[in-house]
Amino acid sequence: MRVPKMRVRVCGVGSYLPKRVLTNTELSRSLDTSDEWIRVRTGIRQRHIAADDECTSDLALHASRAALGQSSRSVDEIDAIVLATTTPENTFPATAARLQHKLGISRSIPCHDVQAVCAGFVFALHSAWNMLLLGQVRCVLVVGSEIYSRSIIDWQDRSTCVLFGDGAGAFILESIEEDAFSKNPCGYILDVMTSTDGSFYDMLYIDGGAGSSTNVGHLKMNGSVVFREGIAKMANSVTELLSRNNLRAEDISLLVPHQANQRIMDGVARKLGVLQERVVSTVGEHGNISAATIPAALSHACAEGMVKRGDLIAITAMGGGFSWGGALIRW
Ligand code: UT7
């Protein structure tokens with residue numbers, strides 16, 4: 001029996017940012033910091049904060065509906081949900097299960113969460129890509145959704161609290177057989193890679209959690225190590241992907257790096273030799289929204305008309321673990 005070779009298309013991208021905006025100037029009224037320090041050191045101008053009645057699945061729901069709208073797929077076509085989050089709605093069940101219910105999907109389909117912190121969306125994409133390539137499912141909703149502001153940020157710690165915000169982003173992925181794909185060869189994922197080095201565990205972590213303590217805990221970070229390793233590991237991920245697909249950095253039309261700090265993004269682009277104007281930057285608008293940054297930034301690029309058919313898009317992220325990875329998409 002001939003097993004059809006599959007391709008995976010990105011057929012919708014969407015995002016959602018909560019309405020409430022917290023500017024650097026507002027933050028500096030209750031914290032020993034300044035708009036100038038935050039902007040110069042990070043590029044962040046403001047972050048969005050979830051309303052009291054908004055939970056992680058609500059942000060995910062808005063982003064998923066936006067991605068579905070762009071894809072012209074109906075909610076009934078979704079065969080699986082993979083949701084990346086560091087801030088699940090509850091310790092269990094998976095926030096993906098809540099999202100399935102809120103989307104009104106009454107069919108039983110596999111829905112699970114992925115935890116790889118800021119690299120979570122790339123890990124979720126990798127997992128969904130594999131399910132699709134194996135032909136196990138036809139259409140997958142991949143989401144990154146985070147509410148850092150509510151409990152894991154210590155709002156007295158100026159070295160971390162100014163960096164993060166809340167938001168969500170989503171992709172709709174669909175598998176198609178090679179024969180059908182060859183008639184319209186665009187909008188597909190070329191390759192994905194992910195990796196982890198647990199020896200960096202204590203460089204970026206939350207000092208709480210159900211398996212080790214009696215509280216949720218707060219984010220702790222060795223900023224300079226995260227900064228240095230972030231640049232190296234994101235740039236290396238893209239280099240590895242380019243090399244195994246016989247492509248060069250000059251072939252990249254758009255680089256979508258994890259949005260944590262403008263200086264880290266500049267460092268990744270410099271190391272790869274990608275021109276500044278080819279780097280998507282949304283960090284100024286929403287700060288670091290962890291697993292949601294990549295789909296939110298790509299959604300912004302689509303809305304701004306920055307993406308054309310045939311473009312090579314490179315995405316990459318690194319976060320706690322350390323865990324990192326990337327993907328190449330031919331638009
Ligand atoms: O997705 C991964 C998540 N995290 C990241 O990507 C963060 C990676 N790291 C970074 O982005 C940077 O290391 C930071 C933005 C966190 C810090 O920037 P930096 O240029 O490395 O500053 P620094 O840590 O060397 O601190 C310089 C000074 C210190 O004061 P002293 O010791 O020189 O007197 C800090 O106490 O800046 C001080 N500082 C602040 N000052 C005003 C730290 N945070 C603030 C603040 N406002 N918010």
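**Ligand and domain interface**

An oxygen atom of the ligand is 3.2 Å from an N or O atom in the side chain of asparagine 288, a polar contact (a pair of N or O atoms within 3.5 Å). The protein buries 69% of the 950 Å² that the ligand exposes when taken alone; accessible areas come from the Shrake-Rupley method with a 1.4 Å probe. The model is predicted: local features need pLDDT of at least 70, side-chain atom pairs count only at pLDDT 80 or more, and totals for chains, interfaces and linings use all residues. Residues are numbered from 1 along each chain as its sequence is written, and side-chain values use heavy atoms, with hydrogens and water left out.

A polar side-chain atom of asparagine 261 lies 2.7 Å from a ligand oxygen atom. The backbone of arginine 158 places a polar atom 2.9 Å from a nitrogen atom of the ligand.

The shell around the ligand divides into 10 nonpolar, 8 polar and 4 charged residues. Here Ala, Val, Leu, Ile, Met, Phe, Trp, Tyr, Cys and Pro count as nonpolar, Asp, Glu, Lys and Arg as charged, and the others, Gly among them, as polar. H8 gives the largest share, 4 residues; helices are DSSP runs (H or I, at least four residues), numbered from the N terminus.

Domain 1 (6-181) and domain 2 (188-330) each give at least three residues to this shell. Domain bounds come from an automatic or database domain assignment. The C-alpha centres of the two domains lie 14 Å apart. Their contact (heavy atoms within 4.5 Å) takes 55 residues from domain 1 and 48 residues from domain 2.

Notes
Polar contact = N/O pair within 3.5 Å; in protein donor to acceptor, adjacent residues only side chain to side chain. Helix = DSSP H or I, 4+ residues; strand = E, 2+ residues; numbered from the N terminus.
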